[in-house]
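Here are my notes on the model, point by point. Please read them with the coordinates open.

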Amino acid sequence: MSGMGQNVNPPEPGTEQVAASRLLDLVRSFVTTHVPWKPLFIGAVITGDDRMRLYFRSPERGRTYGVDVLISRTGPGLLGSLVSPAFLANEHLHQPSDDPHCDVVVDLTDY
């Protein structure tokens, strides 16, 4: 995807199908009835081997977060934290974004 920085690599051949399957599982877990105070899941992109960026829109802050995660580590704890408004609002986790689809990036690849 253009505009996402120099360190974004396409997935290795053969791993894209596994990553896409896991991405669909994650999307299903975020699809829920909208609650005005919760971050709204708006999209995702696979950014490399075992990596994806999830996009959330904050209704309270009027900003979009790009959250980098490892596909293999997307368990219930991580998923629960992503729908918490306080977690994404933690400015200590924010990094400047060169991605035109989000205002800030939150790197949770070590989560």
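1. Ser58 has Arg63 of strand 3 as its bridge partner. The hairpin of strand 2 and strand 3 has 4 residues between the strands, and Gly62 takes a positive phi near 65 degrees there. Strand 2 (51-58) and strand 3 (63-70) run antiparallel and are joined by 8 bridges. Strands here are DSSP runs of E with at least two residues, helices are runs of H or I with at least four, and both are numbered from the N terminus. Two strands count as paired if DSSP finds at least two bridges between them.

2. A word on the basis. This is a predicted model, in which local features need pLDDT of at least 70 and side-chain atom pairs count only at pLDDT 80 or more, while totals for chains, interfaces and linings use all residues. Residues are numbered from 1 along each chain as its sequence is written, and side-chain values use heavy atoms, with hydrogens and water left out.

3. Strand 1 and strand 2 pair antiparallel over 7 bridges. The hairpin has 2 residues between the strands, and Asp50 takes a positive phi near 60 degrees in it.

4. Which order do the strands take in the sheet? The order is 1-2-3-5-4, in an open sheet of 5 strands with mixed pairing. Strand 1 and strand 4 stand at the edges with a single partner strand each, so one side of each has no neighbour in the sheet. Neighbouring strands are turned by 30 degrees against each other on average, direction ignored. Such angles are taken between axes, which are lines fitted to C-alpha atoms (for helices over the stretch in contact); they run from 0 to 180 degrees between N-to-C directions.

5. Next, the charged residues. How many salt bridges does a search of the whole structure find? There are 2, each defined as a side-chain nitrogen of Lys or Arg within 4 Å of a carboxyl oxygen of Asp or Glu. One joins the side chains of Arg53 and Asp68, at 2.6 Å from N to O. Arg53 lies in strand 2 and Asp68 in strand 3, so this pair ties together parts 15 residues apart in sequence.

6. Asp99 also forms a salt bridge with Arg53, with the closest N and O atoms 2.9 Å apart. Asp99 sits in the loop between strand 4 (94-96) and strand 5, so its pairing with Arg53 in strand 2 ties together parts 46 residues apart in sequence. Asp99 and Arg53 are both buried. Through shared partners, the salt bridges join Arg53, Asp68 and Asp99 into one network.

7. Asp68 itself: buried or exposed? Asp68 counts as buried, because its relative accessibility is 8%. Leaving aside neighbours within four places in sequence, Asp68 is in contact (heavy atoms within 4.5 Å) with residues including Arg51, Met52, Val105 and Asp107.

8. On to the nonpolar side. The largest nonpolar core has 20 residues, and Leu54, Phe56, Val67 and Leu82 have the most contacts inside it. Such a core is a set of buried Ala, Val, Leu, Ile, Met, Phe, Trp, Tyr and Cys residues joined through side-chain atoms within 4.5 Å. Among the elements that each supply at least two of its residues are helix 1 (15-30), strand 1 (40-48), helix 2 (76-82) and strand 5 (104-107). Helix 1 gives the most, with 4 residues.

9. Leaving aside neighbours within four places in sequence, Leu82 is in contact with Phe30, Pro39, Leu54, Phe56, Val67, Leu88 and Leu108.

10. Finally, the whole chain. It has 3 helices and 5 strands, which run α-β-β-β-α-α-β-β from the N terminus on. Of its 111 residues, 38% count as buried. Among contacts between residues at least 6 apart in sequence, 54% join residues at least 24 apart.

Terms used:
Buried < 20%, exposed > 50% of the residue type's maximum accessible area, 1.4 Å probe, protein only.
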